[in-house]
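Have the 3D view ready as you read.

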Amino acid sequence: MASDTLATAFLTEIAQWLGDAHIETGAAALPNVTGVRRDVIALVRPATTADVVALVQAANRHRIPLYPFSRGCNWGLGSRLPVRDGACLVDLSRLNRIREVNARDRYAVVEPGVTQQQLYEHIEGHHLPLVLNVIGAGCGTSLLGNALERGIGYFASRAGTLSGLEVVLGNGTLLRTGFGDETRTPLTHLYKHGIGPGLDGLFHQSNFGIVTAAGIELLPRHPCRCSVIAKIDRPERLPHLVDAFAELRRRDIIRMVTHIGNRHRSFATLAPLVYQQLGPGRTRQAAEDILAAEGFGPWSAVASVAGDADQVRHAVRAIRAALRGIARVDMLDDARFARAEKMLHRLRALPAIRRKQAVLRAVRPVYALSQGVPTDDPLKALYWGAGLEPPEAAGINPDQSDAGYLYVLPLFPLDGSIAATIVAEAERRAAAHGLDPAMTLNILDERCLELVLSVSFRRDQPERVQAAHAFAEEILDSYAGQGYRPYRVGVHQMNRVVKAGDPFWETARLIKQALDPNGIIAPGRYNLL
């Protein structure tokens, strides 16, 4: 940890170009939904790549560790907390420029402070034939921050979607990857590899530098798009549901991520939205009872298909055939939504119709995600799971509440029997700690299955915080012991995956020493140093 003298000298120097308004000191313990605590020496907000270069160079002179974050929305995995105490936080939210959007070649060049809402509004405002691969973590999340963590979007994984990275290395050097090192070329974001060794991957889940801009791929806007909702009424049908969707993916009928959530996930996501649609006298139980009556049982799946009208009709027929006898299948598109809303509005005097109307309105933001529209509404699940009143205002920040939330994110082979086994283990181990796990099985491609496993708790109840962390560590270790490894971990879980003596992590240490010899950038983050 840096001495007080070095920290003071460092902050005095950087105040000369950032200004006192963009430096916060004395931020000892930052609240966050994991319930983890870290001490930091300050928080600084650079506004340009040049600011970041100067910041890193000053940090090297004074030996001050920096912990950069894009927007601080890494909910359940540490938010904006560093892995270790004693760092200066680098808030990159002021680097929020959309440098370029290329509609023909479907990419945008953005800085780390650009949110998914910001890019969505740019696309819509310019009437571009593009769709954003959104995530459900809120409108204010960083596109680059999530992609560099290999986040999973609603349509596809964001891993590998970046190109032409602009990076300030830990030694203060400004690097541009791929063909980005050339001053004049249109190829930087068309052929991401450039020539020579590919360096882009070094900056995914690493602490070798600070990414200040990159290209990110966008999706084409198809003339037709339809969302598929499939519900099973018995938990023993889960393996058949997974295998049916797996086969649809392998046949290329479904090309996007299929999300299969358990009852706790469905209720935590939708119940607060139904609850807010109900009038005076509303109760949590009433909201959940309405969802149960609408058929949200043990597991519900959501997937999307897109293309021209014939392609979508063909896909819908194939999906219905594949799920016949396994699940109840409903299809939603803009036209069906409009018709349902119009019909329910005409009959709204009937109590049963008002309940259906509440469910339809609750489903709309989730449906919007499947259309590439970001929303804050899924964040209300963090409050609901902890037994708290869900906020109604925009700009939700669960770190500023008593809500507690932890993620475990392992990968598995795409196989229904394996899915049933890993789910049963999570349920059994969570129950032993008095927890109800929310689970989503994401079919990423034709081979791989991601489990998004989360537990909710009250952060103002220390025994529940302890129980949640004990379960998360236990299940992470158990899955890893079976060969099922996480693709992403929180700041509090690094020591469970980064191991001294392992050739992989020892190699990462050597790269760190070459690119960041003073260990300035994010000590301990996916690295031994």
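The largest nonpolar core has 56 residues, and L119, L165 and V274 touch the most other members. A nonpolar core here is a set of buried Ala, Val, Leu, Ile, Met, Phe, Trp, Tyr and Cys residues joined through side-chain atoms within 4.5 Å, where buried means under 20% relative accessible area with a 1.4 Å probe, protein chains only. This is a predicted model, where local features need pLDDT of at least 70, side-chain atom pairs count only at pLDDT 80 or more, and totals for chains, interfaces and linings use all residues. Residues are numbered from 1 along each chain as its sequence is written, and side-chain values use heavy atoms, leaving out hydrogens and water.

- Look around L119 and you'll find contacts (heavy atoms within 4.5 Å) with residues including I98, V101 and L143.
- There's also a second, separate core of 55 residues, with V228, A315, M439 and A468 among them.

**The sheet**
- Five strands make an open sheet in the order β5-β6-β10-β8-β9, with antiparallel pairing; two strands pair if DSSP finds at least two bridges between them.
- At the edges sit β5 (98-102) and β9 (174-176), each pairing on one side only.
- Four bridges join β5 to β6 (residues 107-110), and E100 has V109 in β6 as its bridge partner.

**Helices across the sheet**
- Helix α2 (residues 49-62) lies across β5, β8, β9 and β10.
- Helix α3 (residues 116-125) lies across β5 and β6.

Notes:
Helices (H or I, at least four residues) and strands (E, at least two) are DSSP runs, numbered from the N terminus. Axes are lines fitted to C-alpha atoms, for helices over the stretch in contact, and angles run from 0 to 180 degrees between N-to-C directions. Buried means under 20% relative accessible area, exposed over 50%, partly exposed in between (1.4 Å probe, protein chains only). Lists of a residue's contacts leave out its neighbours within four places in sequence.
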